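Please look over the structure shown here and read the report below alongside it.

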Amino acid sequence: MRLAVVGVALLAILAAGGGAQRTGIGAALAADAGGQLYGKECGACHMPYPPMMLPARSWHTLISGLNRHFGENASLDPQTAQTIAGYLSTNAADARGSRAMEGLGPNDVPLRITDTPFWIDAHEGVSAKRFTAPAVRSKSNCLACHRDKGGGGGGD
Ligand code: HEC
Ligand code: HEC
């Protein structure tokens, strides 16, 4: 029951500026070409992570190292990479005034959302066992726990 509420809470938590953006973990991506491309290319192996969970400098570093991406080759052609980088930096944590910037120093360039102080704090109360459970397996598998696909239904 509790988890069903988490996604809704993200609206308030992340959008510190109070904008009307849909910022939940599984929120629809921007309908513009960059958002579409991001969802397609960066959602092929895992969910397209919310851009506002990392600063633009992190997204740029990730995009420049796609040939060595967490043990995978996720390379893109330069044009596609550039479009996606533009989308990510426009919607990044620092660009959006997101609370995901909390605790990050100006020189910190986290390459994982799950390494940011904000994420670590938010999950302090979640037992380590829940991340290694067979249905989850990785901290990076956000949607295993966060279901805010919208519409009705509620949790599982
Ligand atoms: C070929 C598969 C593949 C593609 C395509 C891919 N990734 Fe990944 N990505 C991975 C794997 C594997 C991990 C590590 C997941 C884990 O540790 O459970 C990962 C992790 C990440 C993480 C860190 C998640 C965390 O723990 O906080 C980010 C951020 C990320 N990817 C961004 C991107 C972006 C941006 C793109 C598109 C440019 C992309 N990925 C495309 C395979 C891929
Ligand atoms: C094992 C399940 C699990 C996974 C995997 C997980 N989360 Fe969470 N997350 C939670 C729970 C439970 C909470 C609420 C913690 C609390 O209230 O004490 C939470 C809280 C949060 C919050 C803060 C919301 C609030 O109301 O304070 C954010 C943001 C968040 N998660 C994002 C993510 C992202 C992004 C990922 C993937 C990179 C992720 N989570 C992966 C279970 C998970």
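**Fold.** This is a predicted model. The chain contains seven helices and zero strands, and along the sequence the pattern reads α-α-α-α-α-α-α. The chain has 156 residues, and 23% of them count as buried. Taking contacts between residues at least 6 apart in sequence, 65% join residues at least 24 apart.

**Nonpolar core.** As a general point, nonpolar side chains in soluble globular proteins tend to be buried together. In this chain the largest nonpolar core has 17 residues. Those with the most contacts inside this core are Tyr 38, Met 53, Leu 54, Leu 88, Ala 92, Ala 93 and Ala 100. Helices α2, α3 and α4 are the elements that give two or more residues to the core, and the largest share, three residues, comes from α4. Tyr 38 is in contact with Leu 29, Pro 48, Ile 84, Tyr 87 and Leu 88, once neighbours within four places in sequence are left aside.

**Ligand shell.** Around ligand 1 there are 20 residues, of which Cys 42, Cys 45, Ile 113, Ser 138 and Ser 140 come nearest. By class, the shell has 11 nonpolar, five polar and four charged residues. Helices α2 (33-42) and α3 (56-64) each supply at least two residues of this shell.

**Ala 81.** Where does Ala 81 sit? Ala 81 belongs to helix α4, which spans residues 78-90. Leaving out residues up to four places away in sequence, Ala 81 touches Ile 63, Leu 66 and Leu 76. The C-alpha atom of Ala 81 is separated by 8.4 Å from that of Ser 64, although the two residues are 17 residues apart along the chain. Ala 81 counts as partly exposed because 17 other C-beta atoms lie within 10 Å, and a residue needs 20 or more to be buried and 12 or fewer to be exposed.

Note on methods
Residues numbered from 1 in each chain as written. Chains lettered and ligands numbered in written order. Predicted model: local features only at pLDDT ≥ 70, side-chain atom pairs only at ≥ 80, totals over all residues. Helix = DSSP H or I, 4+ residues; strand = E, 2+ residues; numbered from the N terminus. Contact = placed C-beta atoms within 7 Å. Near = placed C-beta within 6 Å. Nonpolar A, V, L, I, M, F, W, Y, C, P; charged D, E, K, R; others polar. Core = buried A, V, L, I, M, F, W, Y, C linked by C-beta atoms within 7 Å.
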